[in-house]
Amino acid sequence: MKSATATALIARRRRFKRRLLGWFRQHGRDLPWRRTRDPYQILVSEVMLQQTQVARVEGYWHRFLARFPTLDTLAAAPPRRVRESWAGLGYYRRAANLHRLAREVVTNHAGQLPRTAAALRALPGVGPYTAGAVASFAYELPEPAVDTNVSRVLRRVFHPRLRTGAAAERTLAATAKALVPRRGNDAWITNQALMELGALICTARVMHCDRCPVRPACATGAPVQARASAASRPTTRSRSRGKT
Ligand code: SF4
């Protein structure tokens with residue numbers, strides 16, 4: 001039998017997700033890589049989005065895919081051409097890793113990106129986040145995808161007192177996993193919505209708690225709201241004064 005604490009946590013996760021998904025369906029951005037389930041196109045977007053803003057990536061993503069429309073074309077390209085296509089985007093190591101990955105997939109996987117997060121992680125330059133993102137966004141597998149945005153949101157919503165370090169990372173990963181449903185498209189939308197909340201509302205610089213859809217379920221935002229409401233409530237004395 002579940003303890004009262006575990007039951008309360010499950011209820012809070014449900015409340016959080018209901019609000020998060022409702023908000024994302026209405027306010028999530030229509031980004032080009034959200035319109036595709038092509039694993040290669042999604043992989044390119046995820047690599048480009050590492051440490052780079054969405055607005056900057058969009059143009060590069062379209063041009064890169066126009067020049068290298070498949071993993072095969074990327075694998076066959078000389079390194080100089082790949083680097084040229086990345087010029088201006090920065091962090092060129094990402095391009096070199098992507099190129100190495102393409103060559104390995106063509107050589108060892110018949111040109112098809114692996115279909116599990118574990119197999120994706122074995123590829124050059126693919127860490128836990130990118131593996132989870134491709135597995136979830138392309139193959140709609142129930143895998144968490146915890147980048148810095150998601151990590152920050154989960155920390156603020158569920159673990160505001162969590163310290164840093166490996167144990168903390170494991171706690172956040174477990175929370176992310178618990179939030180991802182077992183069914184395909186629901187995993188896609190859950191991960192996208194978490195990222196979107198971290199990008200637009202619960203940002204690294206500002207917590208927009210006043211317009212945050214998950215605030216009632218948030219361990220950081222809800223207590224602030226409760227304190228603000230209590231402070232703005234008129235006291236008994238001031239109420240009686242007002243009546244006279
Ligand atoms: S209520 Fe505030 S702290 Fe909580 S998720 Fe929203 S913006 Fe972040």
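Modeller: A residue is buried if 20 or more other C-beta atoms, placed from the backbone, lie within 10 Å of its own, exposed if 12 or fewer, and partly exposed in between. The model is predicted: local features need pLDDT of at least 70, side-chain atom pairs count only at 80 or more, and totals for chains, interfaces and linings use all residues. Residues are numbered from 1 along each chain as its sequence is written.

Colleague: Is Val134 buried or exposed?

Modeller: Val134 sits in helix H8 (residues 128-137), a helix being a DSSP run of H or I with at least four residues, numbered from the N terminus. Within 10 Å of Val134 there are 28 other C-beta atoms, so this residue is buried.

Colleague: Which residues is Val134 in contact with, leaving aside its neighbours within four places in sequence?

Modeller: Contact means that the C-beta atoms of two residues, placed from the backbone, lie within 7 Å. Leu43 is 91 residues away from Val134 in sequence, yet their C-alpha atoms are 6.1 Å apart in space. Apart from the sequence neighbours, the contacts of Val134 are Pro39, Ile42, Leu43, Glu46, Leu113 and Leu120.

Colleague: How many of the 10 residues of H8 are buried?

Modeller: The buried residues run through Thr130, Ala131, Gly132, Ala133, Val134, Ala135, Ser136 and Phe137. H8 is largely enclosed by the rest of the structure, because the number of its 10 residues that are buried is 8.

Colleague: What pattern does the chain follow, read along the sequence?

Modeller: The chain has 13 helices and 0 strands, where a strand would be a run of E with at least two residues. Its C-alpha atoms fill a box of roughly 85 × 45 × 30 Å along the principal axes. Along the sequence, the pattern reads α-α-α-α-α-α-α-α-α-α-α-α-α.

Colleague: Of the contacts in the chain with a separation of 6 or more, what share do residues 24 or more positions apart account for?

Modeller: The chain has 244 residues, and 36% of them count as buried. Among contacts with a separation of 6 or more, residues 24 or more positions apart account for 59%.

Colleague: What distance separates the centres of domain 1 and domain 2?

Modeller: The assignment, which is automatic or taken from a database, gives domain 1 as 11-27 + 142-228 and domain 2 as 38-139. The contact between them takes 8 residues from domain 1 and 7 residues from domain 2. Taken over C-alpha atoms, the centres are separated by 27 Å.

Colleague: Which residues of H9 and H10 make the contact?

Modeller: Two packed helices are described by the angle between their axes and the distance between the axes. In this pair, H9 contributes Val150, Ser151, Leu154, Arg155 and Phe158 to the contact, and H10 contributes Leu172, Thr175 and Ala176.

Colleague: What is the phi of Tyr91?

Modeller: Tyr91 lies in the loop between helix H5 (79-86) and helix H6 (92-108). This residue counts as partly exposed because it has 14 C-beta neighbours inside 10 Å. Tyr91 is a residue other than glycine with a positive phi, near 45°.

Colleague: And what is the phi of Glu140?

Modeller: Glu140 is placed in the loop between H8 and H9. With 16 other C-beta atoms within 10 Å, Glu140 is partly exposed. Its phi is also positive in a residue other than glycine, near 55°.

Colleague: Which residues does Leu123 touch, not counting those up to four places away in sequence?

Modeller: Leu123 is in the loop between helix H7 (117-121) and H8, and with 22 C-beta neighbours inside 10 Å it counts as buried. The C-alpha atoms of Leu123 and Asn97, 26 residues apart along the chain, are separated by 9.1 Å. Beyond four places in sequence, Leu123 touches Leu101, Glu104 and Val105.
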